[in-house]
Amino acid sequence: MNILERYHAMEYGPAPEARNEADAWLAGRDFSKALFIGGDWKAAGGGKTFDTSEPSSGKLLAKVSDANAADIDAAVAAAAKALPKWSASSGYQRAKVLYAIGRAMQRHQRLFAVLETIDNGKPIRESRDIDVPLAIRHFIHHAGWAQALDRDFPGQKGVGVVGQIIPWNFPLLMLAWKIAPALAAGCTVVLKPAEFTPLTSILFAEICERAGVPKGVVNIVQGGPEAGAAIVNHPGIQKIAFTGSSEVGKIIRKATAGSGKKLSLELGGKSAFIVFEDADLDSAVEGLVDGIWFNQGQVCCAGSRLLVQEGIADALIAKVKTRMSRLRVGSPLDKNTDIGPLVDLTQLDRVKGLIAEGARQGAVCWQPDATLPSSGYYHLPTLATGVSPANILAQEEVFGPVLATMTFRNTEEAIELANNTRYGLAASVWSENVNLTLHVAPQLKAGVVWVNGTNMFDAACGFGGYRESGFGREGGREGMFEYLSAKLPLGPVIKPATSSAQPVEQADGVAIDRTAKLFIGGKQVRPDGNYSLAVATAKGKLAGEVGLGSRKDIRDAVSAARACKSWPEATAYNRSQVLYYLAENLSGRAEEFAARLTELTGANAKAARDEVELSIERLFLYAGLADKFEGRVHQPPARAVTLALHEPVGVVGIVAPDDQPLLGFISLVAPALAMGNTVVAVPSERYPLLATDLYQVIEYSDVPAGAVNIVTGRTAELAVVLAKHDDVDGLWLFTDADTCAKAEAESIGNLKRVWSGNGRSLDWASEDAAGDVFLRRAIEVKNVWVPYGD
Ligand code: NAD
């Protein structure tokens, strides 16, 4: 036997990680008092418990307290009690606590890793080398943010008591992603882990006791959906941070509608793993192993759709199959194991069911020849080929070790296939041509893009999705915003629109048509229903009429906004010039607009002139900021740079306020435009003529057709139509509370980003009603990881 033959004949011996310490910890705890509330260990009201078991054997690990609504009340009360002191403590004090948590976790690193593996089933290599070190890094990184708060987020304050709900796939890491930024921002928390994996959160609560976290700052409750719902609906909570399925994310969006709670949702994904023909195939195969078989594929950003360029498909698939045959499926506590069990029998059954359905729909499913352990919830790695884009395996999040493969011919097709999903969490792009990868990355609808890599995470880099993968970012500077609120210059409570005017049928062939039309796709068009609304002057006389927009008009306006490619693709300098030009042209008609304001609102001449002047100034401001509100470069502790790019949200619906009708309208539309969004705006119902006058200026200001669309009519009706429209990506609502709540509840179809004043208007003349707070709403941050070195 020569050396090579010997090498190939070598077998792995068993390399089990010791579990004595974890078993001793399990044996020494009273899990019937597992609720950590106000610094004390409590039993659940009524003494209810739920079982947590070991996925590799199915054996019971513990019976854990199952919190009921009264327990959630107690936890929220404890968090509220601790809030004033904690939020008033200095950044330095909070930094010391965060650092102490990180250091205490380091001292118990191995115990955390073994417990996580026992409870979740993930291979010890992953919990030991990835989950636990990264969780610790989050606490230590965020110690710095606690101290840098005043410097980096001037004028912003912690939102208050935060409810946090997390899934079972990365129990400790998700806890760290949630708790670290909240504490840094001065918030107190009530966190609920998933019912399959409560153990490391209980150990973490012990760490909080030892690290000197003040009582009530961190409260950890255990339980399932009911406990989760009690958190979501609790009136004493100011923000909900949720990680989990898109299905539950939508339930939470609906439940919090109109409550004024801040909300971030980190949901599911169906991420594309794109391999171009000039990629280093061996590296791509290793990336793929990490992309889809890491944590048995139970990863929100798993690269579960392999898109491979036609010419190399056979070669790549052959390599993937060879590699799959060498993946070691077995005990998660063995250091050589690549694939452990799935978390639970229900999850195993779900994965099997989806594979069977995928095969029924035409996919060819291949698995390596291997024997599974006799007990536990194991599943072999699975490769599905011949997958059509509509196949369930290409569309549904399997959350298991299943890779669906499709081929593409050219770059455009790769991008189209990658974006053919309702999700938008992550993507990997593989090519030795960095020009190509950086050409593709901005065109992918995903919050994170890894170039020649996958599953790279760091506490300094934002993580989060587009579309139905949710909204908000976790990590770094971007993540801090989720726990802070800016001081906004609140204006009056907005009353529901009182326009009593009845629709008037439009007269055909009248010599002088005084009805201002809608503005859609750069053209003045009649409303589809052919009705108009009378607009009164301040003195109650007829000032004119505007079109009564309907669902069909909104649909046309959204199509026009979507079709306008030239605006989002224009350079920031170009957008800036157009906004300056618009300001210049408005300035040329300032007197006319001031007179119109006086006529409609009754404002005196000076107030009207001031409003017009401020509107021009605001256009100038956003023209100037269009090429200055830029992304950043993060430098994670890896051989990579992370480009945090600012991208437009997409098509943004804007429901503008009645007060200061010109300034309010411009204060919302201008920042959206500056960042490259296209807009469908519903102007003030009472004073729509300002907006219809404005589109005459827009028409000759080089704004491309479709970049701004204006649909006049009944605010309450049109806001809800915009909210329901699945091709609207963002919705800004500055109208009455009831309409805001209804629109928020109706926005769940595509989980559009809704920004609502909750029935309050702003003092639009205030300097605080302009600037970064608005620009931040107008962008998505995409983190593109670019590795370097040979
Ligand atoms: P899940 O949505 O079923 O449960 C998540 C959490 O929500 C659990 O704690 C659960 O008890 C709780 N919950 C369930 N119903 C609830 C309700 N009606 N109200 C309030 N809380 C409720 O998800 P899961 O099966 O635990 O986790 C898997 C999902 O999580 C996958 O879709 C995955 O993609 C997603 N995930 C996303 C990210 C991310 O950062 N985007 C990270 C990890 C996991």
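**Close-up 1. The crossing of helices H5 and H6 is right-handed.** Welcome to this predicted model; we start with a pair of helices. H5 covers residues 109-120 and H6 covers residues 124-152, and their axes lie 9 Å apart. The angle between H5 and H6 is about 125°. An angle over 145 would count as roughly antiparallel, and 65 to 115 as roughly perpendicular, so H5 and H6 are called oblique to each other. To find the contact, look in H5 for Gln 109, Arg 110, Phe 112, Ala 113, Val 114, Glu 116 and Thr 117. Their partners in H6 are Ile 124, Ser 127, Arg 128, Val 132, Pro 133 and Ile 136. Sorted by class, the contact of H5 with H6 has 7 nonpolar, 3 polar and 3 charged residues.

**Close-up 2. Helices H4 and H7 cross at roughly 160°.** Here you can follow H4 along residues 91-107 and H7 along residues 171-184. The axes of H4 and H7 come within 10 Å. Angles over 145 count as roughly antiparallel, and H4 and H7 are therefore described that way. The crossing in which H4 passes H7 is left-handed. From H4, the residues to look for are Arg 94, Leu 98, Ile 101 and Met 105. They meet Leu 172, Ala 180, Leu 183 and Ala 184 of H7. This contact of H4 with H7 has 7 nonpolar residues and 1 charged residue, with no polar ones.

**Close-up 3. Helix H7 also packs with helix H8, at an angle of about 50°.** H8 takes in residues 199-210, and the axes of H7 and H8 are 8 Å apart. That angle makes H7 oblique to H8. H7 and H8 have a right-handed crossing. On the H7 side, try to spot Pro 171, Leu 172, Leu 175 and Ile 179. On the H8 side, the contact is made by Thr 200, Ser 201 and Phe 204. The contact of H7 with H8 includes 5 nonpolar and 2 polar residues, and no charged ones.

Close-up 4. Which element gives the most to the lining of the second largest pocket? The answer is E28, with 3 residues. By class, the lining of this pocket holds 17 nonpolar, 12 polar and 19 charged residues.

**Close-up 5. The largest cavity has a volume of about 90 Å³.** How many cavities of 30 Å³ or more does the structure hold? There are 8 of them. The largest cavity is lined by 15 residues. Nearest the centre of the largest cavity are Arg 305, Ala 418, Ala 426, Lys 445 and Ala 446. Its lining divides into 8 nonpolar, 4 polar and 3 charged residues.

Conventions:
Residues are numbered from 1 along each chain as its sequence is written. This is a predicted model: local features need pLDDT of at least 70, side-chain atom pairs count only at pLDDT 80 or more; totals for chains, interfaces and linings use all residues. Side-chain values use heavy atoms; hydrogens and water are left out. Axes are lines fitted to C-alpha atoms, for helices over the stretch in contact, and angles run from 0 to 180 degrees between N-to-C directions. Helices (H or I, at least four residues) and strands (E, at least two) are DSSP runs, numbered from the N terminus. Angles under 35 degrees count as roughly parallel, over 145 as roughly antiparallel, 65 to 115 as roughly perpendicular and the rest as oblique. A crossing is left-handed if the near helix is turned anticlockwise from the far one by less than a right angle, and right-handed if clockwise. Contact means heavy atoms within 4.5 Å. Ala, Val, Leu, Ile, Met, Phe, Trp, Tyr, Cys and Pro count as nonpolar, Asp, Glu, Lys and Arg as charged, and the others, Gly among them, as polar. On a 1 Å grid over the protein atoms alone, a cavity is a set of points where a 1.4 Å probe fits but cannot get out, and a pocket is an open set with protein on both sides within 12 Å along at least five of seven lines; lining residues have an atom within 4 Å of a point. Grid points are joined across faces, edges and corners, and a volume is the space filled by probe spheres set on the points.
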